[in-house]
Amino acid sequence: MEMKKRLIVTVATLCGITTLTGCGLVPVKSSKDIDPPKTVVYKSDEPSKEVQAKKEQTVKRELYLIDRNGYVVPQTFQLPKSASLAKQALEYLVKDGPVTDELPNGFQAVLPPNTEVLGVQTQKDGTIIADFSSEFKQYRTEDELKVFQAVTWTLTQFDNVTRVKIRVNGKDLASMPVNKAQIGDGLTREDGINFDQGDIVDIMNSRPVTLYYVAQGEMGDTYYVPVTRRISNEEKDAYTAIVNELVKGPSDYSSLVSDFGTDTKLVSQPVFKGGKLILNFNDGIYGNIAKNMINNDVLRPLVLSLTEQKGVKSIEIQVNGKLTALDQQGKPLSQPVSRPKDVNTKKL
């Protein structure tokens, strides 16, 4: 099957070492746990107690960092429990700060060194105000969009936070301090991330959507990068437009890739009901037609991209009207697949 900018999948990936469960992308109805073989003998259960105790003292949070290609990318970390989780998350975005020893290979923090988070205030209308010290202004001109995207997307992961305002030493910013990018009444996810500069689209007659494409790390691992691309307002069905953009793949200039086959198509219009989006594909969705399997690097970007749409909680995947598809591990996709709680998890 011909692939556009298809990712070179390692043997380890094909063998299913990286599972959907490990990335948090799981069916809404989970399967029962499998008991370990009775022949296994554990000399001590102390290590597992230590791991459990460590988990109880931490909380999972997404931090938006910069990868080796300059993209703003979510990485999920286990952070120590804190009285102010939002303030703590921002502190972990500071270069040479507490995130330094935990950074994945090729990643870096985005805020200038020595930046202090002076305070975080959450308002009833969903706005959160982040107040930084004057060191916040010391970023490079070319990093300005990355700074406000990383701050905005890190803070809007929290429940009931939809808008971010930025202060420096208690003074509201109407624009960013270096290259004067406008902030206005605050920043939201609708302002975009990792803007796709490919095909020129009429700004006035288009709208942004967030798509997830695949990137390959220094160690051959894969992770998922959100990209903002504009689609024409003539595209009345956003769900179909998003699927078509995923199949089309990232722009040629991009270092990102897509594992969708170019012959992948929806055979009927998507149906949205009660938080569930039903998609009906042709056989092109399969990475391995003989086994009816959908590759991880097709399934995950599909679910991540579509659950960025308002109200979409899970995706039901049909092929020619039937629930016959399998995931890369050979498990039936007979139940809707929910958005993962953890994207690009950083393991301890």
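How many cavities of 30 Å³ or more does a search of the whole structure find? Five. A cavity here is a set of points on a 1 Å grid over the protein atoms alone, where a 1.4 Å probe fits but cannot get out.

Some ground rules. This is a predicted model, where local features need pLDDT of at least 70 and side-chain atom pairs count only at pLDDT 80 or more, while totals for chains, interfaces and linings use all residues. Residues are numbered from 1 along each chain as its sequence is written, and side-chain values use heavy atoms, without hydrogens and water.

Take the second largest cavity. About 40 Å³ of space lies in it, a volume being the space filled by probe spheres set on the points. Its lining residues (an atom within 4 Å of a point) include Tyr 71, Asp 196 and Leu 256.

Next, aromatic pairs (ring centres within 6.5 Å; stacked under 30 degrees between planes, edge-to-face over 60, the rest tilted). The structure holds five. Phe 132 and Phe 136 are stacked, 4.6 Å centre to centre and 15° between the planes. Phe 136 and Tyr 139 are edge-to-face, at 6.1 Å and 75°. Ring pairs link Phe 132, Phe 136 and Tyr 139 into a cluster.

Last, Asn 282. It sits in the loop between β10 (276–281) and α7 (296–306); helices (H or I, at least four residues) and strands (E, at least two) are DSSP runs, numbered from the N terminus. Is Asn 282 buried or exposed? Buried, because its relative accessibility is 17%, and buried means under 20% relative accessible area, exposed over 50%, partly exposed in between (1.4 Å probe, protein chains only).

Conventions: 1 Å grid on protein atoms, 1.4 Å probe; cavity = no way out; pocket = protein on both sides within 12 Å on 5 of 7 lines; lining within 4 Å. Phe/Tyr/Trp six-rings, centres within 6.5 Å; stacked < 30°, edge-to-face > 60°.
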